[in-house]
Structure formats: structure tokens, C-alpha cells
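Reader: Could you walk me through this structure slowly, one part at a time?
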Amino acid sequence: LFQEVMRQQLESSMHVELENLLSTAKGADIEVCRKDFEGFEKLFHRFLQVKGPSVEWTKINRPPEDSIQPYEKIRGLPTSVSESLNKLAVVKLNGGLGTSMGCKGPKSLISVRSENTFLDLTVQQIEHLNKKYNTDVPLVLMNSFNTDEDTKKILQKYTHHRVKIHTFNQSRYPRINKESLLPVPEDVGMVGEGSDGWYPPGHGDIYASFYASGLLEQLLAEGKEYIFVSNIDNLGATVDLHILNHLVSQPNGKRCEFVMEVTDKTRADVKGGTLIQYDGKLRLLEIAQVPKAHVDEFKSVSKFKIFNTNNLWISLAAIKRLQEKNEMDMEIIVNPKTLNGGLNVIQLETAVGAAIKCFDNALGINVPRSRFLPVKTTSDLLLVMSNLYRLEAGSLTMSEKREFPTTPHVKLGSSFTKVQEYLTRFESIPDMLELDHLTVSGDVTFGKNVSLKGTVIIIANHGDRIDIPAGSMLENKIVSGNLRILDH
């Protein structure tokens with residue numbers, strides 16, 4: 001009982017604070033804020049109900065054999081590709097900033113390959129489909145308040161491309177003071193210190209925001225049936241005609257409403273969410289939901305063999321139904337942060353894949369690793385800029401000149417973290433066709449036309465610098481100490 005009273009007290013204090021915040025809004029912002037706050041209060045209410053990890057470890061089962069299909073098994077092209085494509089819209093999650101790579105502004109505007117940004121490549125891919133099959137697949141961008149303005153400025157550049165582009169915005173929620181459990185911001189403004197008080201609540205917010213924007217209804221009215229959702233920084237997430245065909249060719253009663261593309265875990269993927277069977281439903285299990293005692297087990301490659309690529313195919317009609325019946329249920333991710341002034345806050349988030357358990361006939365498809373090519377760091381960027389990949393119609397594919405299909409393991413040290421700095425350290429991108437493993441640490445630069453093969457480890461000691469001379473070929477080498485090549 002005591003806890004119930006506490007909860008009600010926290011909720012009513014939160015409500016009062018939100019009303020005060022709302023009173024600082026003006027004009028058109030009032031309605032937007034009101035909608036956001038309604039969603040936030042629902043999330044906060046659920047946050048106060050739940051204690052401890054949201055899964056009971058003993059109830060976790062491996063998914064039944066037929067609930068995760070191998071990609072080979074579902075392969076097959078539709079009789080009419082254009083008819084299938086006209087039932088599809090492509091949604092890219094575009095809420096993130098390029099801060100982890102030392103860039104200002106939306107991550108999707110970072111150049112990835114021959115002057116093309118993530119967004120350029122996406123537009124090229126879809127335009128290629130629309131031209132080739134004479135279709136009208138639209139691109140939908142889910143922006144956040146962090147990326148909306150900059151993204152919209154850039155969109156003018158695509159007016160004469162054969163792709164309709166729509167955008168909608170994620171919600172904007174107030175961060176919560178960890179001690180008082182009250183909102184951090186003092187007014188709805190975003191200027192100066194104020195911007196620190198707000199956050200976009202994770203990509204699980206797509207369902208409510210998409211529905212509220214009116215765009216979902218509009219696409220349904222245009223005859224669209226499915227959306228293909230993926231992270232804009234996953235360069236492997238291209239429209240796959242086989243998966244699309246599998247979805248649209250099923251008999252009406254057994255229509256699959258949700259497909260999650262999963263792929264085999266490697267040692268590098270131990271943190272990725274995995275699919276489990278729980279209470280008779282397919283469910284996404286994220287590392288944040290795992291009780292401390294079982295984290296090592298979760299990371300093991302033997303028990304949980306696959307992970308979620310966050311490439312998802314979802315029925316529009318099903319999203320509409322679940323939203324209207326208020327049956328969309330996703331576990332809350334509590335993300336602790338420390339603000340610049342040292343204030344400890346929490347932000348409540350949800351993940352788009354966690355809703356899999358709400359949809360009918362949900363299915364995992366175990367896809368080739370090539371459909372998961374995320375660029376999170378400059379180490380990833382080095383791979384996709386190199387001759388390991390070729391670029392065709394906006395899609396990157398592994399070069400056939402590479403003997404084995406695995407991607408090399410690249411670890412660039414802290415001197416390479418920021419994109420600008422990384423670019424100055426390579427006069428040209430090395431030939432990496434025969435590379436297995438590259439580790440670089442310290443103050444290292446690469447001259448033109450360097451070739452790296454096998455395992456290469458380059459470590460410059462503190463205060464030293466290593467310049468790899470132009471035209472060098474390093475095969476299974478460790479370079480350390482000080483190698484400074486000066487102009488004579």
C-alpha cells in the first residue's frame with residue numbers, strides 16, 4: 001500500500017510539473033507539447049509500476065524451429081516485382097547525431113563514400129528501384145528535434161529525384177532528475193542550457209509518432225501495406241525483394257505482421273538483442289533486461305546464437321490496429337546519463353523491435369551478415385571507404401576480389417575517433433582486400449597507396465609518431481616505437 005501511495009504521489013507531482021512546463025509553450029507548440037507529455041506520462045506511469053528486470057530467466061525458451069527461418073528457405077521472387085514494391089514504404093531512423101564520430105548535426109549527413117552521405121546512398125537505392133521497376137516506393141524519415149531542421153534543409157537537393165520523401169518527428173520528452181523523479185527542464189524552450197533537459201525516447205517511439213503524424217493513414221490510403229524500417233547508418237539495410245515477396249505472397253489469414261532480420265552472432269556482437277520464446281510469443285531480449293547474474297550467459301555465442309539487426313518489416317494495418325486499441329507494449333529501457341553540470345538524470349526509452357510480441361505471426365529471418373553493415377565508428381568507416389566494397393546504385397557489396405566473405409576486424413585508436421582527424425591521417429585509403437585484422441594506436445599516419453594484408457598491428461608509443469611510407473606493403477607485421485619520415 002505504501003508503495004502505491006508513493007507512486008500516486010510521484011505521478012501527481014510529475015503531472016503538476018508538466019502542466020507548469022506546458023504553460024510556457026506558445027502558439028502551435030502548445031498542441032505538440034501536450035501530445036508529447038501525454039505519451040510521456042503513460043511511459044512514466046509504466047516505469048513506476050515495473051521493478052527489477054522485466055524477464056524471469058527461468059521462463060526463457062529458445063524460439064521454436066519454424067519461428068526463425070533461414071534466408072535461403074524464404075528466397076523467391078514475386079511474379080510481379082513492381083506490384084509488390086508498390087505495397088512498400090521505406091522508413092529510415094534518422095534521429096541520431098554524429099557526435100560519437102566527432103561531427104555536428106545529423107549522423108545521416110556524414111560522407112561515407114565518394115562524397116555520398118548516408119542519406120544520399122539511401123535516396124540512390126530507392127530511386128534505382130523506382131526507375132528499374134517503374135514503381136513509387138516512398139522514403140520516410142523519422143527525425144528527432146536534434147536532426148529535423150538540418151535534414152529538411154538538405155531534402156531540397158532531392159526534389160528532382162524519383163523518390164517521394166516524407167518526414168515526421170519523434171516525440172520530445174523531458175529528462176528526469178534521478179533523485180526527485182521530476183522533470184529537469186524549467187520551460188519548453190530549447191535554447192542554451194534548456195536543450196539539455198530534453199531527449200528523443202528511442203526508436204520504439206516510431207509507432208505512436210508515425211500514427212499521430214497522419215502519415216500512416218496517408219500511406220494506407222495510397223495502397224501501402226508494409227514498411228521496411230532500419231537504422232540509417234546500416235549500409236547493409238537495402239530493400240530485399242525476397243523478404244518482401246515472402247510477406248506479400250502469404251494467404252490472408254496467415255499474414256505475417258512483423259519480420260525481424262537477425263544474423264549469426266560473432267564475438268563482436270555479444271551485446272546485441274536476441275530473439276527468445278516467452279509466454280508463447282516471440283520476444284526480443286535486450287542486454288538491459290537481463291538480470292546481472294545471467295549477463296555472461298546472454299553474451300555467450302552458444303546459447304543465444306543470433307542477434308537483431310534492427311532491419312524490420314512491419315504491417316501498416318497492424319500498427320494502426322495496435323495503436324487504436326492501445327495494445328502496443330514495449331519494455332522500458334532506463335538510460336542513466338550525467339549532464340554537463342554533473343546532474344544525474346534518467347531517460348525512459350523503448351526499442352522498435354521490442355513490439356514484436358504484439359504482432360500476429362511474427363517471424364525472424366536469419367539473413368546473411370552482409371545485411372548488417374553499421375557505421376558506428378571511424379573503424380567501420382575505414383572498411384566501407386576501402387576497396388573491400390564496391391558501390392553500385394547506392395548499395396555497397398563486398399568486392400568479388402576478396403577471397404573470403406568475412407569482414408576484417410579493424411580497431412583504430414583514439415587519435416582516429418573524430419572523422420576530421422581520421423581523414424587527415426590517411427593520404428589515401430589503404431588496399432585492404434587481403435586484410436584480416438588491423439589495430440592502430442597512437443599518433444600514426446598512412447601515406448598514399450599503402451597495402452595491408454593478414455594481421456597488422458601499429459602502435460606508436462606516447463610522444464612518438466609513426467608514418468607509414470607511401471606504397472608500403474605490410475603483411476603480418478607489428479610496427480612499434482617511432483618511425484618518423486621527414487621531408488628532406
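This is a predicted model: local features need pLDDT of at least 70, side-chain atom pairs count only at pLDDT 80 or more; totals for chains, interfaces and linings use all residues.

Reader: Okay, why is helix α12 largely enclosed by the rest of the structure?
Author: Seven of the eight residues of α12 (residues 378-385) are buried, so the rest of the structure largely encloses this helix. Buried means under 20% relative accessible area, exposed over 50% and partly exposed in between, using a 1.4 Å probe and protein chains only. Helices (H or I, at least four residues) and strands (E, at least two) are DSSP runs, numbered from the N terminus.

Reader: And what do the buried residues of α12 pack against?
Author: Their partners include β3 (111-113), α13 (419-425) and β21 (431-441), where contact means heavy atoms within 4.5 Å.

Reader: Switching topic, where does UniProt place the "binding site"?
Author: The unreviewed UniProt entry puts that feature at His 203, though such annotations may be inferred rather than shown by experiment. His 203 sits in the loop between β9 (198-199) and α7 (206-212).

Reader: Is His 203 buried or exposed, or in between?
Author: His 203 counts as partly exposed, because its relative accessibility is 26%.

Reader: Which side chain does the side chain of His 203 make a polar contact with?
Author: That partner is the side chain of Asn 310, at 3.4 Å. A polar contact is a pair of N or O atoms within 3.5 Å; within protein, one must be able to donate a hydrogen and the other to accept it, and residues adjacent in sequence count only if both atoms are side-chain atoms.

Definitions and conventions: Residues are numbered from 1 along each chain as its sequence is written. Side-chain values use heavy atoms; hydrogens and water are left out.
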